[in-house]
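Biologist: I've got a model open on my screen and I'd like to learn how to read it. Could you walk me through it, feature by feature?

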Amino acid sequence: MKELVKYYLSDLNSWLIFLILIGVAVIVGVVLTWVIFRLLKWNGKRYKPKSLYNSSVRNLERPVAHFTIIFLIIQAAKATPLNVEEASVLPLTADMMASIRVLLRIILYIVSAWTLMRVANIFIEIVEAKNEIDTANNLQQRKIATQLQFIRKIAAVIIVVIAVSMSLLEFEEVRKIGTGLLTSAGVAGIIIGFAAQKSIANLLAGLQIAFTQPIRIDDVVIVEGEFGRVEEITLTYVVVRVWDQRRVIVPLNYFIEKPFQNWTRFNAELLGTVFIYADYRLPIAPLRQELERLTEGHPLWDGRVRNVLVTDLSPETMTIRILVSAQSSSDAFDLRCEIREKMVTFIQENYPESLPMTRIEMKSATRNLATSQGLQ
């Protein structure tokens, strides 16, 4: 290629030759990748949208296009002749070209890192597609989703560190001070260890959470008195989406060091509890019949549990516990709210005298009043 350039463009300035070759490289790279991926997308109609084939096309189109263009520009830089004549205006010298090549290689490392992260994302998407989390009892899916999210972040960190390291090695000064850095690594490691103690603890806690899984993506938890779902698990913290759409940000080591409630630890099925406080005169049998009527055929009741029990007595009221079951925590919450509302309405309409009340006896006061009236 270099011989062809010298033969056809030998009369031009090296900078102009370089710019022409860059333009050709960009055009060739864009056209080549556009044609290839259009053909791949056309062929992908025979496969499912979430198949390995279509996921590869969807994730790799842009990074591969950039990689191809940068690779061709590097080849153009190699084929560009240098101006060494003193009469040349702004000559393209060997030092300049060496600096340009270093810059292009650094860009190539960055694009390569981007491509590798997209390759990792392909395999994660395929696993996620086979384990859809939007099901009623999704324990296994939530386990896998938690591990995949953590693996994705770890892979991204490793790829970025390698790309940065390769970029730094392009500079002679960095390679020269490498020996000095190695000799001082012990002291620096101790200093960094003390400075980043909490961050390292969170990172280790993240590894433990990813594989022992006290929490998972989409788990229903109560943290610091807040009821919500685990929305995201990062390398250092967990995002809990509260029922009113607030987000509670909790450090990872919180879930290792402190107690919390996980309502979906082993399965998504849950029992919903409704407490009613009523007068002693309220009969229990009609409540059981009403509960059966309300739950029979109800779309939120899973058919496992429904009962009415008197669980406690106080001097003023008795405590009635209504227990119903549902396939998920959200279904259980909605079901018990509906049962609570309709049970209170049932008592109001049929046994209004059994609603909680406070009795005050006025026997002695009545006797004294009658006596005073008789004296008069």
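What follows is a chat about confidence, cores, surface and salt bridges.

Biologist: What should I know before I start clicking on residues?

Modeller: This is a predicted model, where local features need pLDDT of at least 70, side-chain atom pairs count only at pLDDT 80 or more, and totals for chains, interfaces and linings use all residues. Residues are numbered from 1 along each chain as its sequence is written, and side-chain values use heavy atoms, with hydrogens and water left out.

Biologist: What is the average pLDDT of the protein chain?

Modeller: pLDDT is the predictor's confidence in each residue, from 0 to 100. Here the chain averages 76, and 74% of the residues score at least 70. Residues 4-11 stay under 50, and the model gives them seven contacts (heavy atoms within 4.5 Å) beyond four places in sequence. Residues 84-88 are also below 50, with two contacts beyond near neighbours in sequence.

Biologist: How many helices and strands does the protein chain have?

Modeller: Helices (H or I, at least four residues) and strands (E, at least two) are DSSP runs, numbered from the N terminus. The protein chain has 13 helices and eight strands. Among contacts with a separation of 6 or more, 67% are between residues 24 or more positions apart.

Biologist: Now the inside. What share of the residues counts as buried?

Modeller: Buried means under 20% relative accessible area, exposed means over 50%, and partly exposed is in between (1.4 Å probe, protein chains only). Of the 376 residues, 34% are buried.

Biologist: And how do I find a core?

Modeller: In soluble globular proteins, nonpolar side chains tend to be buried together. A nonpolar core here is a set of buried Ala, Val, Leu, Ile, Met, Phe, Trp, Tyr and Cys residues joined through side-chain atoms within 4.5 Å. The largest one has 19 residues, and Ile276, Leu287, Ile320, Ile322 and Ile339 have the most contacts inside it. The elements giving two or more residues to this core are β6 (270-278), α11 (285-295), β8 (318-326) and α12 (329-350). The largest share, five residues, comes from α12.

Biologist: Which residues form a nonpolar patch on the surface?

Modeller: Patches are made of residues with over 30% relative accessible area and no salt bridge; like charges are joined within 9 Å, nonpolar side chains (Val, Leu, Ile, Met, Phe, Trp, Tyr) within 5 Å. Leu16, Ile20, Val24, Val28, Leu32 and Ile36 form one, with about 460 Å² of accessible area together (Shrake-Rupley method, 1.4 Å probe; for residues, only the protein chains shown count as cover). One of them, Leu16, lies in helix α2 (residues 14-43) and is partly exposed at 40%.

Biologist: How many salt bridges are there?

Modeller: Side chains of opposite charge can pair when their charged atoms come close. A salt bridge is a side-chain nitrogen of Lys or Arg within 4 Å of a carboxyl oxygen of Asp or Glu, and the count by this rule comes to eleven. Arg246 pairs with Glu226, with the closest N and O atoms 3.2 Å apart. Arg246 is in the loop between β3 and β4 and Glu226 in strand β2, 20 residues apart, a link between distant parts of the chain. Arg246 also forms a salt bridge with Asp244, at 2.8 Å from N to O.

Biologist: Which loop holds Glu224, and what is its phi?

Modeller: Glu224 lies in the loop between β1 (220-223) and β2 (226-233). Glu224 has a positive phi of about 50° although it is not a glycine, and Glu224 is exposed at 59%.
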